[in-house]
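Student: I'd like to go through this one term by term and ask what each label rests on. Can we start from the picture?

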Amino acid sequence: ALYCGLTCPHRLAGVLALSTFFISPEQVGEPLSAVNQHTSILMMHGLHDDVVALPLAEGSFEMLKKLNYPIEFKAYPMAHQACAQQIQDMGHWLMGRFASG
């Protein structure tokens with residue numbers, strides 16, 4: 001989701017990144033899209049994720065924050081799954097994207 005959203009040549013309403021990470025921009029292989037530099041990003045991750053390690057996600061969040069992307073990170077007491085609070089938070093975030101577009 002992060003790779004597709006940040007390299008997409010079309011303006012997006014937002015990027016929702018669940019239990020994932022982003023490699024460094026130098027490793028992407030194509031330029032990051034300037035059109036989505038101000039696109040809202042929401043990263044969500046499980047504190048006990050045994051598939052995608054939490055430090056990978058946290059490192060990606062910090063890197064993208066330093067690159068001045070409007071990004072938010074939320075972690076939940078879960079593994080590599082979804083929980084009720086996360087789904088509720090996703091709904092609020094998605095409604096905000098539709099309201100601002």
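**Labels and their cut-offs**

Tutor: Beyond its neighbours within four places in sequence, Ser-33 is in contact with Leu-6, Thr-7, Cys-8 and Pro-9, contact here being heavy atoms within 4.5 Å. Keep in mind that the model is predicted, with local features needing pLDDT of at least 70 and side-chain atom pairs counting only at pLDDT 80 or more, while totals for chains, interfaces and linings use all residues. Residues are numbered from 1 along each chain as its sequence is written, and side-chain values use heavy atoms, leaving out hydrogens and water.

Student: Why is Ser-33 called buried?

Tutor: Buried is under 20% relative accessible area, exposed is over 50%, and partly exposed is in between (1.4 Å probe, protein chains only). Ser-33 has a relative accessible area of 9%, so it is buried. It lies in the loop between β1 and β2, helices (H or I, at least four residues) and strands (E, at least two) being DSSP runs numbered from the N terminus.

Student: What does the side chain of Ser-33 reach?

Tutor: The backbone oxygen of Cys-8, at 2.6 Å. A polar contact is a pair of N or O atoms within 3.5 Å; within protein, one must be able to donate a hydrogen and the other to accept it, and residues adjacent in sequence count only if both atoms are side-chain atoms.

Student: And what makes a polar contact with the side chain of Ser-40?

Tutor: The side chain of Trp-93, at 3.2 Å. With a relative accessible area of 18%, Ser-40 counts as buried.

Student: Now the aromatics. Why is the pair of Phe-61 and Phe-73 called tilted?

Tutor: Rings of Phe, Tyr and Trp (its six-membered ring) pair if their centres lie within 6.5 Å; planes under 30 degrees apart are stacked, over 60 edge-to-face, and the rest tilted. Here the centres are 5.6 Å apart and the planes of Phe-61 and Phe-73 stand at 45 degrees, so tilted it is. A search of the whole structure finds one aromatic pair. Phe-61 sits in helix α2 and Phe-73 in strand β3 (residues 71-76), twelve residues apart.

Student: Is Phe-61 buried or exposed, and why?

Tutor: Buried, because its relative accessibility is 13%. Phe-73, at 21%, is partly exposed.

Student: What makes a nonpolar core?

Tutor: It's a set of buried Ala, Val, Leu, Ile, Met, Phe, Trp, Tyr and Cys residues joined through side-chain atoms within 4.5 Å. The largest one has 13 residues, and Leu-2, Leu-6, Phe-22, Ile-41, Met-43, Leu-64 and Ile-71 touch the most other members. At least two residues each come from α1 (2-7), β1 (15-18), β2 (41-46) and α2 (54-66), and α2 gives the most, with four. There's also a second, separate core of six residues, including Leu-42, Tyr-76, Met-78 and Trp-93.

Student: How do you know that β2 and β3 pair?

Tutor: Two strands pair if DSSP finds at least two bridges between them. β2 and β3 have six bridges in the parallel sense, and β1 runs parallel to β2 over four bridges. That gives an open sheet of three strands, in the order β1-β2-β3.

Student: What makes about 160 degrees with the direction of β3?

Tutor: α2, which packs on the sheet and touches β2 and β3. Axes are lines fitted to C-alpha atoms, for helices over the stretch in contact, and angles run from 0 to 180 degrees between N-to-C directions.

Student: Last one: what sets the phi of Asn-68 apart?

Tutor: Most residues other than glycine have a negative phi. Asn-68 has a positive one, near 70 degrees, and at 60% relative accessible area it is exposed. Ser-19 also has a positive phi, about 50 degrees, but Ser-19 is buried, at 10%.
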